[in-house]
Amino acid sequence: MDDTIALVTGANRGIGFEIVRQLAERGVRVVLSGRNEAAVETAATGLRDAGLAVEGLQLDVTDPKSIEAAAAELETRYGRLDILVNNAAVRIEKYGKQPSEQTLAEWRETFDTNLFGTVETTLAMLPLIRKSAAGRIVNVSSLLGSLTRHSDPESYTHSDTFKALPAYSATKSAVNSWTVHLAYELRDTPIKVNSAHPGYTKTGMNDGAGDLEPADGAVTSVELALLDEDGPSGSYLHAGKVLPW
């Protein structure tokens, strides 16, 4: 995979960082991106020092000019993109509140990053992905995007903790919808588009709560990024299992 090029957004820490590391360990040349240029360079340098083919790139998915510049830089460097992992996301709602107590401003900010940033980044990178022999787009979703599980009293999402995050959950449902629509558009191409649920992972986004370490949370996204030609497209998966919408 020495000539496979991947871009991972929101990747200077947490699950995104682990996705970068695991892809690079499998021989992929990975571009590690994030909003904070200094944090990006520190993360990329650490992985390079470990002998991995990782480069840093400043990319703020809420800034159209930043997205445009990143796409132009990737075209200059490589002329194409084989893998896009849309990992960048925020959770700004406060735990311990009722859904109706979360502000509209929080809804807008959450959608700006988690949905609109994902869509705009994908649209900017799609011309480069179309130049790949077998492009892969992975949208990092969440079980909180599953309306079926949110309605299931047996699911961990059916709780005060996760019902406090209506905006975050809605963005992940919307990301899943984007996955289905884009996969349909690209159904007659070699490009595959899928949503990944990392699992309930210990990250800064959920204040360190969770059952999995970030390295475990990265596994599904890495698997989907490296799908062979017989792999699924337009699916919502975790650990090889299809999840209910």
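In which hand, left or right, does H3 pass H4? In this predicted model, the crossing of H3 over H4 is right-handed.

**Helix packing**

Helix H3 spans residues 64-77 and helix H4 spans residues 104-129; their axes come within 10 Å and cross at roughly 20 degrees. Angles under 35 degrees count as roughly parallel, and H3 is therefore roughly parallel to H4. On the H3 side, the contact is made by Pro64, Ile67, Ala70, Ala71, Leu74 and Glu75. H4 contributes Glu120, Thr121, Ala124, Met125 and Leu128. Sorted by class, the residues in this contact comprise 8 nonpolar, 1 polar and 2 charged.

**Aromatic residues**

The structure contains 6 aromatic pairs. One of them joins Phe111 and Phe116, whose ring centres lie 6.1 Å apart. The planes of these two rings stand at 45 degrees, so the pair is classed as tilted. Planes under 30 degrees apart would count as stacked and those over 60 as edge-to-face. Together with Trp107, Phe111 and Phe116 form one aromatic cluster.

| Residue | Relative accessible area | Class |
|---|---|---|
| Phe111 | Phe111: 17% | Phe111: buried |
| Phe116 | Phe116: 46% | Phe116: partly exposed |

Phe111 is buried because its relative accessible area of 17% falls under the 20% limit. Phe116, at 46%, lies between that limit and the 50% above which a residue counts as exposed.

Key
Residues numbered from 1 in each chain as written. Predicted model: local features only at pLDDT ≥ 70, side-chain atom pairs only at ≥ 80, totals over all residues. Heavy atoms only, no water. Axes fitted to C-alpha atoms, helices over the stretch in contact; angles between N-to-C directions. Helix = DSSP H or I, 4+ residues; strand = E, 2+ residues; numbered from the N terminus. Parallel < 35°, antiparallel > 145°, perpendicular 65-115°, else oblique. Left-handed = near helix turned anticlockwise from the far one by under 90°. Contact = heavy atoms within 4.5 Å. Nonpolar A, V, L, I, M, F, W, Y, C, P; charged D, E, K, R; others polar. Phe/Tyr/Trp six-rings, centres within 6.5 Å; stacked < 30°, edge-to-face > 60°. Buried < 20%, exposed > 50% of the residue type's maximum accessible area, 1.4 Å probe, protein only.
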